[in-house]
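Please read them with the viewer open.

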Amino acid sequence: METNVAAGANPPLAKSARRIPPEFNIFLVLVGIALVYEVLGWIFVGQSFLMNSQRLTIMILQVAVIGIIAVGVTQVIITGGIDLSSGSVVGVTAMIAASVAQASTWPRALYPSLTDLPAIVPIGLGLGIGLLAGFINGQLIARTRIPPFIATLGMMVSARGLSKWYTKGQPVSGLTDQFNFIGTGIWPVVIFLVVALIFHIALRYTRYGKFTYAIGANVQAARVSGINVEAHLVKVYAIAGMLAGLAGVVTAARAQTAQAGMGVMYELDAIAATVIGGTSLTGGVGRITGTVIGTVILGVMTSGFTFLRVDAYYQEVVKGLIIIAAVVVDVYRQKGRKKV
Amino acid sequence: MVSPTTIAAVRASGAIPNAEYLLAVEGVRKEFPGVVALDDVSFRLKRGTVHALMGENGAGKSTLMKILAGIYTPDKGEVKFKGVDIQLTSPLDALENGIAMIHQELNLMPFMTVAENIWIRREPKTRLGFVDHREMNRMTAALFARLNIALDPQAEVRDLSIANRQMVEIAKAVSYESDVLIMDEPTSALTEREVAHLFTIIRDLRRQGIGIVYITHKMNELFEIADEFSVFRDGKYIGTHASSDVTRDDIIRMMVGREITQMFPKEEVPIGDVVLSVKDLTLAGVFHDVSFEVRAGEILGLAGLVGSGRSNVAEALFGVTPASSGSIAINGQPVAITSPTEAIRNRMAFLTEDRKDTGCLLILNILENMQIAVLQDKFVRLGFVEQKALSAQCEEMARKLRVKTPNLSERIENLSGGNQQKALIGRWLLTRPRILILDEPTRGIDVGAKAEIHRLVTELARDGVAVIMISSEMPEVLGMSDRIMVMHEGRVTGFLDRAEASQIKVMELAAR
């Protein structure tokens, strides 16, 4: 092929062939898992797993919050980084947002003068706190060059501490109906899907997205190509923090109360959903559509275990194994590519 | 495969011919994808001599040295060690056979002591199986006494100067009772006094019968320390001589003595006004007082040996590692270029030396690779990429540059080196630069692609782009440049006009 293209021959480039998107494989995995549960359901429980809209609704509601976080985490992982702080950011934003979302009818309001505020105030504050946490993560990583793992680990510990210190461990309850509304019904799922759509578009069609992939693919080359890598990383981490903040607000609204322990381990579920969805931990590869499917897989797994009445502790063991399997598959995919 | 102990036994019997040669390499060939690094190379190292390997960049010295040190295995030919065939499979294997190599970038562990570094893997143990530090320090002190090195065995390596680390490396090599010591540019980071000390040690080792393979770019060192030298050129062995029999000019002639057979598509184009003017550019410890001008339509060749600071100057110009002092002016206007973003804004472009490390976004496709630089300030509206228009431009560029690929959604990883390079050049041409810096634009790519890139550079010059081209390939520099700036050890040693430039003149300025 190298030799037969003579000088002068200059054929136009072929239109790029439409390929099967990588998400298709992940989608097949989802279908496979669902079918396995369906069959096991008929054998062991005597009923259908899929033909139960109530179960499916609960399932998707359970993972919507994880999904919102995972959309941010996906972007961080595409740059080659990691964010361990999201679960703790959920906790601290839930607490602070709830504290300004209390109704005047509640006898023990934290700020009696700040009750019955319109829902936009606690929601905006929650997003702002998340953004700030992410901004600090980004600044630490970009300016001091400490590894993302360490920077966000520090944020994870500090933010959790902050959420406990804020009320000395007391829960914040008595939230306004207006605030609680965003956690009711199918709203968390709608929020998740809207967020996913926005960042799907951002990653695929904007300069922000192109730079995000370029940094993950080769940070040196990205820098030489004129990308202000530091500034861009700050943006990505800030967005991830803001989405964790949104997840915190939704969590508090859903529970109609906020507790300092909210969101524990959510960061790991979000990372798991991202990786199951095909995002590579080495950076440069990943899509929001994959992450959405990964999130649903996580939900189906948990819901299916409960459906089959598998012991809760044992569920965690299996979940861990599935996450490892997803990463192993990723490693082999990378290796297979190198051989080409 | 014969074990080292058997070899020792056979050797002791005195039955082996040619055993006066510590190392004898015969007819060695080594190929890498697309390049023949060594072709039918022979080399003999006598006991108790210092044997220098000479040649331009890419002549094959380093490959030969890596074969001797067990890092590469030759495709063909044999390596005899004290008269016996050996096949080295790893650096450790070489070390156990008595061949030690001291790399240019030293391989010591900074947070361990000098003694621990020297005896690693061979630490003396106490009866309980713990490391016997006292004995280890004593052994180190004895070793240092023998080599006349004044260092504390218990000092941590990170606290030592480069010169002292070099001494530790040498002591470590000697501690293996090595018969052969390979040194790659050992003086590149040393001061004059330190060099003198190193040479004293080398002379000592020579007296003890050790054979030393010495790689250097510095002519005067050759005459000071080497007994013999072998010259390589383009992967071929040229000859071996005693250093007392030849002059500096003889050696330069041997190193460059090739006919320029390739034709370069160089065109004489009208040269315009000064576009880039650099004055006293300095990056402390790397390059100093670099001043030059490049005009529109001019190709300025930048020659010099590896480590002369050529690439560092390019990186400073483009803001990758900004200079610490000096000034840059574009079209007469002083500019401060503190980052590549700033450089691109000033319509500069920089094709880096290392395609893999600083060029390609390997896991992304060709389109994504080509469009990344131009996205800095074009084809974006309200943050959204105007993909249709941009893709069309990229495709047109790829067609113009003859990037051989079915379509641009192919991963750049799957292209040949030459086509990757063309795609990367396309990345920069899309930004319509007026100053183009090319660092080794044709390294490691096949002849056809090379010619196409040369043609392209000529066309760009014709269009009025000011080109700075760094190259280690003498024919390329001579064939393409209007003017050549030569650097040596971080300083500009001279400018040559196209008419007066010759391989010998460049080499004289490059190797002082």
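1. Which handedness does the crossing of α2(A) and α11(A) have? The crossing is right-handed (left-handed if the near helix is turned anticlockwise from the far one by less than a right angle, right-handed if clockwise). On the α2(A) side, the contact (heavy atoms within 4.5 Å) is made by V65(A), I66(A), I69(A), A70(A), V73(A), T74(A) and I77(A), and on the α11(A) side by Y266(A), D269(A), A270(A), I271(A), A273(A) and T274(A).

2. The model is predicted, with pLDDT of at least 70 needed for local features and 80 or more for side-chain atom pairs, while totals for chains, interfaces and linings use all residues. Residues are numbered from 1 along each chain as its sequence is written, chains are lettered from A and ligands numbered from 1 in the order written, and side-chain values use heavy atoms, without hydrogens and water.

3. Helix α2 (residues 53-78) and helix α11 (residues 266-276) of chain A have axes that come within 8 Å and cross at roughly 65°. Axes are lines fitted to C-alpha atoms, for helices over the stretch in contact, and angles run from 0 to 180 degrees between N-to-C directions. Helices (H or I, at least four residues) and strands (E, at least two) are DSSP runs, numbered from the N terminus. The two helices are therefore roughly perpendicular (under 35 degrees is roughly parallel, over 145 roughly antiparallel, 65 to 115 roughly perpendicular, the rest oblique).

4. In chain B, helix α9 (residues 248-256) packs with helix α18 (residues 503-510) at about 120°, the axes being 10 Å apart. That makes α9(B) oblique to α18(B), and their crossing is right-handed. Residues R248(B), D249(B), I252(B), R253(B), M255(B) and V256(B) of α9(B) meet Q503(B), I504(B), M507(B) and E508(B) of α18(B).

5. Chain B also has an open sheet of four strands, ordered β12-β11-β14-β15, with antiparallel pairing (two strands pair if DSSP finds at least two bridges between them). β12 (287-295) and β15 (333-335) stand at the edges with a single partner strand each, so one side of each has no neighbour in the sheet. Neighbouring strands are turned by 20° against each other on average, direction ignored.

6. Strand β11 (residues 274-283) of chain B is joined to β12(B) by six bridges, and L281(B) stands opposite V290(B) in β12(B). Helix α10 (residues 310-317) of chain B packs on the sheet, touching β11, β12 and β14 (325-330); its direction makes about 70° with that of β12(B).
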